[in-house]
Amino acid sequence: MTKRRTLDDINQLPKTIERDAVHMGNIEGMDNYLVHGQVFGDSDVQGTLMLSDNCVWKGNVVADVVVIKGEVTGNITARSKIELRNTARIVGSLQAPIIAIEHGANIRGDIHDDCLITHFEERRTH
């Protein structure tokens, strides 16, 4: 069976920053991260970084895979893929080999020229 969603490929539970948490500083590591709260800093993650629809991130984001449902003010770089869901609000530039943008995502910034951009509408309800 082919896995179409980025999140289908995650095999272990991610480290989590909770909804009411405010993280001041950089996030670095070789793991998957799920952010519900606020982050003021940069990231360099060797894994998947997921930002929920309640997340507010102010700083630059670098990870292998980035999935965004929330708000990011800063540049986003993924080594493999960026996935922007319909609730994503981005102010900054995007760079990745593949960028998947769901209908409704809001981007104010540049997308690097050598990215393969795909657009989609989510049909799954779970």
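**View 1. Strand 13 is largely enclosed by the rest of the structure.** Strands here are DSSP runs (E) of at least two residues, numbered from the N terminus. The model is predicted: local features need pLDDT of at least 70, side-chain atom pairs count only at pLDDT 80 or more, and totals for chains, interfaces and linings use all residues. Residues are numbered from 1 along each chain as its sequence is written, and side-chain values use heavy atoms, with hydrogens and water left out.

**View 2. Strand 13 pairs with strand 10 and with strand 15.** Two strands pair if DSSP finds at least two bridges between them. Strand 10 and strand 13 run parallel and are joined by four bridges. Look for K81: its bridge partner in strand 13 is I98. Strand 13 and strand 15 also pair in the parallel sense, over five bridges. Here I101 has H119 of strand 15 as its bridge partner. In a regular strand the side chains alternate between the two faces of the sheet.

**View 3. E102 is a buried residue in strand 13.** Its relative accessibility is 8%, so E102 counts as buried. E102 touches L84, R85, N86, F120, E121 and E122, not counting residues up to four places away in sequence. Contact means heavy atoms within 4.5 Å.

**View 4. R85 forms salt bridges with E102 and E122.** A salt bridge is a side-chain nitrogen of Lys or Arg within 4 Å of a carboxyl oxygen of Asp or Glu. The side chains of R85 and E102 meet at 3.0 Å, N to O. This pair links distant parts of the chain, 17 residues apart: E102 lies in strand 13 (residues 98-102), and R85 lies in the loop between strand 10 and strand 11 (89-91). R85 is buried, with a relative accessible area of 8%. In the salt bridge of R85 with E122, the closest N and O atoms are 2.6 Å apart. Again distant parts of the chain are linked, 37 residues apart, with E122 in the segment after strand 15 (116-120). E122 is partly exposed, at 25% relative accessibility. The network of salt bridges takes in K81, E83, R85, E102 and E122.

**View 5. D64 and R79 meet in a salt bridge.** The N to O distance is 2.8 Å. The partners are 15 residues apart and link distant parts of the chain: D64 sits in strand 8 (residues 61-68) and R79 in strand 10 (residues 76-84). D64 is partly exposed, at 23% relative accessibility. R79 is partly exposed too, with a relative accessible area of 39%. The structure holds nine salt bridges.

**View 6. The largest nonpolar core has 26 residues.** A nonpolar core is a set of buried Ala, Val, Leu, Ile, Met, Phe, Trp, Tyr and Cys residues joined through side-chain atoms within 4.5 Å. W57, I68, I76 and I82 touch the most other members. Strand 4 (33-35), strand 6 (43-51), strand 8, strand 10 and strand 13 each supply at least two residues of this core. Take I76: leaving out residues up to four places away in sequence, I76 touches V61, V66, I68, I82, I90, S93, L94 and Q95.

View 7. V39 has W57 of strand 7 as its bridge partner.

**View 8. C55 and C115 are buried.** C55 has a relative accessible area of 1%. C115 is at 12% relative accessibility. The structure holds zero disulfides, a disulfide being a pair of cysteine sulfur atoms within 2.5 Å.

Technical notes
Buried means under 20% relative accessible area, exposed over 50%, partly exposed in between (1.4 Å probe, protein chains only).
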